[in-house]
Amino acid sequence: MSHDHSLNPETMPHNPEKATLEGKNKFLGLWFFLGGETVLFASLFGTYLALKNSTAGGPSSEELFGLELVFIMTMLLLTSSLTSVYAMYHMKNNDFKKMQLWLGITGLLGLAFLSLEIYEFYHYIHDYGFTFRSSAFGSAFYTLVGFHGGHVLFGLCWLTAIMVRNAKRGLNLYNAPKFNTFSLYWHFIDVVWVFIFTVVYLMGKVG
Amino acid sequence: MANNTNTGNPDTFHKQKHKDEMIKQLITFVLMIVFTIIAFVVVLTGMDKFFAIPLLLLLAVVQVGFQFYYFMHMKDKGHEMPSLMIYGGIGAAIVTVLALTLIIWW
């Protein structure tokens, strides 16, 4: 990239993620995507709410869910949202190494979250025989929560890709928008999780 | 491939501005943790569901607001289009949830 001085300026602008037209477009494009994602998750939430009492004689949400695990998962994902804020803070201060460090921590927290989710599903399937096919409640639950887990997995792959690809490049106007769009996406995953732990787990426990 | 990590570091004024912003975000984070704990406590105390469910939803909405406005910077200038898109999404989302639940419950 060193031949292109427009992307490697002498002094970094104050908002490197929105300094180029491509950066602005990436920013708008991601928000447009998130608007669509909101509707997609809403359709899964609507389905879940409509079918959550159709247990077909299987375990109900009150019997199934354990709040300890969900609490730990929530804390992990909330904290990973903060660490990605730290990463963007260092991006704006043009400190590439610290940005990479905080992105790395974000990724590890995301991985821990995902591992707990896999453990949770394994626990339901093995100890309760509660599967995707056991009832309408099961199908709706695994589709909604699994779709969110899939988003976490996709986010982790995305994060790894941009961290590895730009490891030697340092921060410039070409990749700053990429890091920024990732961080917005990661916050959105947390937004969805806030509704999942509220609507699925907490409201599932209340009845 | 030039390593330009250390070129053009922001001046003290902007560094301070970023720091102030970071402090606000830390406060936001602490509030989000507190709201999460309140939500879990509400469920553990076995509050009546006619109070508990609206309270839980309210806590979730406030948390998501923090996430959008502080962590995702929707409070900053130049976020008219993002607001339009996300509120458009939320509008359609509410209709979707109502439609799907009402169709089955009635």
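## Interface between chain A and chain B

About 5100 Å² is buried between chain A and chain B, and carbon and sulfur atoms give 76% of that area. Buried area is the accessible area (1.4 Å probe) that two parts lose on being put together, summed over both. The model is predicted: local features need pLDDT of at least 70, side-chain atom pairs count only at pLDDT 80 or more, and totals for chains, interfaces and linings use all residues.

In chain A, 61 residues are in contact with 57 residues of chain B, where contact means heavy atoms within 4.5 Å. Between chain A and chain B there are zero salt bridges (a side-chain nitrogen of Lys or Arg within 4 Å of a carboxyl oxygen of Asp or Glu).

## Helix 3 of chain A against chain B

Helix 3 of chain A and helix 1 (residues 12-44) of chain B cross at roughly 170°, and their axes come within 11 Å. Helix 3 of chain A is therefore roughly antiparallel to helix 1 of chain B (angles over 145 degrees, on a scale from 0 to 180 between N-to-C directions). The residues of this contact comprise 18 nonpolar, five polar and two charged.

## Helix 3 and helix 4 within chain A

Helix 3 (residues 67-92) and helix 4 (residues 96-128) of chain A pack at about 165°, with axes 8 Å apart. These two helices of chain A are therefore also roughly antiparallel to each other. Helix 3 of chain A passes helix 4 of chain A in a left-handed crossing (the near helix is turned anticlockwise from the far one by less than a right angle). The contact of helix 3 with helix 4 in chain A has 18 nonpolar, six polar and three charged residues.

## Conventions

Residues are numbered from 1 along each chain as its sequence is written, and chains are lettered from A in the order in which they are written.

Note on methods
Heavy atoms only, no water. Helix = DSSP H or I, 4+ residues; strand = E, 2+ residues; numbered from the N terminus. Parallel < 35°, antiparallel > 145°, perpendicular 65-115°, else oblique. Nonpolar A, V, L, I, M, F, W, Y, C, P; charged D, E, K, R; others polar.
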